[in-house]
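Have a look at the chain first, then read on.

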Amino acid sequence: MICDFCSVPDPAWRYPADSFHDVFGSRSVEDWLACEACQQLIQAGDRAALARRSLNAPGARMVVDVLGRALALDYCHDLHARFWRARCGAPYRIAA
Ligand SMILES: [Zn+2]
């Protein structure tokens with residue numbers, strides 16, 4: 001498993017969430033997983049730092065290449081806003 005925000009392995013937290021679609025129509029299916037660093041940003045409500053961190057994920061490099069960094073950052077903000085709206089319960093620690 002990887003962090004759904006920054007793609008590092010072995011995320012420690014699970015955020016209950018409903019399924020939703022991103023702006024391109026890709027479907028996010030239910031819960032999101034977060035590493036310790038992303039969990040701290042989420043709990044702090046620091047969405048700007050969370051979006052910047054997500055752009056450093058290996059999977060985001062292609063998005064950055066295609067869209068450019070500014071649009072990729074907009075995409076991350078929008079995606080995370082959708083995640084925030086889809087949340088449906090308190091996060092909890094998952095077994096390693
Ligand atoms: Zn992370």
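## The core and what surrounds it

The largest nonpolar core has 20 residues, and those with the most contacts inside it are Cys3, Phe5, Ala34, Cys38 and Leu50. Such a core is a set of buried Ala, Val, Leu, Ile, Met, Phe, Trp, Tyr and Cys residues joined through C-beta atoms within 7 Å. Buried stands for 20 or more other C-beta atoms within 10 Å of a residue's own, exposed for 12 or fewer, and partly exposed for anything in between, with C-beta atoms placed from the backbone. At least two core residues come from each of S1, S4, helix H1 (36–44), H2 and H4, and H4 gives the most, with 5 residues. Helices (H or I, at least four residues) and strands (E, at least two) are DSSP runs, numbered from the N terminus.

Keep in mind that this is a predicted model: local features need pLDDT of at least 70, side-chain atom pairs count only at pLDDT 80 or more, and totals for chains, interfaces and linings use all residues. Residue numbers start from 1 along each chain as its sequence is written.

What does Leu50 touch, leaving aside its neighbours within four places in sequence? It's in contact with Phe5, Cys38, Leu41, Ile42 and His80, where contact means C-beta atoms, placed from the backbone, within 7 Å.

Now for H4 (residues 69–86): its 18 residues reach 25 Å from first C-alpha to last, close to the 26 Å expected at 1.5 Å a residue, that is, 1.5 Å times one less than the number of residues. Its buried residues are Ala72, Tyr75, Cys76, Leu79 and Phe83. They cover an arc of only 100° around the axis, so they sit on the same side of H4; the arc is taken over directions from the helix axis to the C-beta atoms. These buried residues pack against S4, helix H2 (47–55) and helix H3 (60–67). Turned away from that side are the exposed Ala70, Leu71, Ala81 and Arg85.

The sheet is an open one, 3 strands in the order S4-S1-S5 with antiparallel pairing; two strands pair if DSSP finds at least two bridges between them. S4 (32–34) and S5 (92–93) are the edge strands, each pairing on one side only. S1 (residues 13–15) and S4 share 3 bridges, and Trp13 stands opposite Ala34 in S4.

Methods:
Two residues are in contact if their C-beta atoms, placed from the backbone, lie within 7 Å.
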